[in-house]
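Okay, everyone, thanks for coming. Let me put the model up and we'll walk through it together.

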Amino acid sequence: MKLRRGLTTMTALGIGLTVMTAVFLMMLLAGLKKAFVSSGDPLNVLVIRKGSTSELTGGFTKDKLPILRQLPGVALDSHGQPMASGEWVVVVVLPHKDGTGEVNVTLRGMEPDGLELRGKRVKLLEGNWFQSGQREVALSRSIHDRFGHTNVGDIIDFGKGPWKVTGIFDGGGSAYDSEIWGDFNQVANQFNRQNAVGNVYLRATDAVAADALKHRVADDQQLQLEGMLETEYYEKQTSNGGAIRFVGIFVGFTMAIGSVFAAANTMYAAVAYRSREIATLRVMGFRRGSIVISFVFEAVLLALLGAAVGVVLMLPFNGMSTSTANNVTFSEVSFSMNIVAPLTLSLKFLKIPLEISLPVFVWGTVFAVVMGLIGGVAPAWNAARREILASLRD
């Protein structure tokens, strides 16, 4: 009895560790995708140089900006002017608050309309927005949490000199949660880019106008620019999850093989321990199929126990933070996990809320059940095929 109890415990723990790893990696993938897909607004059209793949390399001459403002379908801002924002996205280096080194951080210079076209997704938590023409910046709560000298009123140093922090904002779970925002002209001056614009955001009047705008920009041979919806741009950045996907599949598959053998070993032990019980059932008239089903059902219950163990083992990761690099922006990528009801994990990419919801847990449970089935079928079939007299002698 002690041996069987020990085998059962170890098998459940093995399956639990496998499920925990699978859920953790699925969480990274699902959260990473959701973080970028949830970024942006479907009515915002991003304009960059044709052939460019990101805002960092999408610059073009400034004389095209007035043409873009006058395109049909562009919405009007609160002042009755076309809602368009010329912007520069650059990378600056800041030291971590904990002294672990310096990392790249995204700095976005924008025109006044840049704040207005992002107003619904971004909330100012503290202080004020930066003023046009001033060496001021507003930064995300994530940047505030990870880097020093980022309180309202503090001075941070990058580019050619100091900048004053005027506000802290919440990006609402979007990619903006990893950015510092400042005035377009000030950023351009700091990096000697006065005669060009890195990219332009246009706000469309509706979804139909947004789709028409992006095609109009792309089809204009004179402009030589590329238009895309802001949501499409961030969705393409999920290519960053390719390595995570490969590692997840490899590690999950390897651990699953071990868990299947562990489940099979436990079930074979159960068959050996209960040989007389199986023979008695056969004498009483139970068919082989019924015996197979009973053992398979037991294996599935064992796998479900392992799945529950895996979920419990995920709880210590609640609130954990780590970081990696974004291959598109070359800036830091920070992950933070929080488990909140109902069965939702919040993972932050670049401190972006990155969620894993009920479907991921369901897949983790299915994964465990499949391991239990594979590990239980062979022992169950072996139990059903045993001769009655041989089982009674055992």
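So, is Val370 buried, partly exposed or exposed? With 39% relative accessibility, Val370 counts as partly exposed; buried is under 20% relative accessible area, exposed is over 50%, and partly exposed is in between, using a 1.4 Å probe and protein chains only.

Quick housekeeping: this is a predicted model, where local features need pLDDT of at least 70 and side-chain atom pairs count only at pLDDT 80 or more, while totals for chains, interfaces and linings use all residues. Numbering runs from 1 along each chain as its sequence is written, and side-chain values use heavy atoms, leaving out hydrogens and water.

Now, the salt bridges, meaning a side-chain nitrogen of Lys or Arg within 4 Å of a carboxyl oxygen of Asp or Glu. The count comes to 10. Take Arg108, which pairs with Glu55 with the closest N and O atoms 2.8 Å apart. Arg108 counts as buried, at 0% relative accessibility, and Glu55 is buried too, at 4%. Arg108 also meets Glu87 in a salt bridge, again 2.8 Å from N to O, and Glu87 is buried as well. Then Glu87 has a salt bridge to Arg118, at 2.7 Å, and both of those are buried. Through shared partners, salt bridges join Glu55, Glu87, Arg108, Arg118 and Glu179 into one network.

Compare Asp77: buried, yet without a salt bridge. Its nearest side chain of opposite charge (Lys and Arg count as positive, Asp and Glu as negative, with His and the chain ends not counted) is Arg69, 6.9 Å away.
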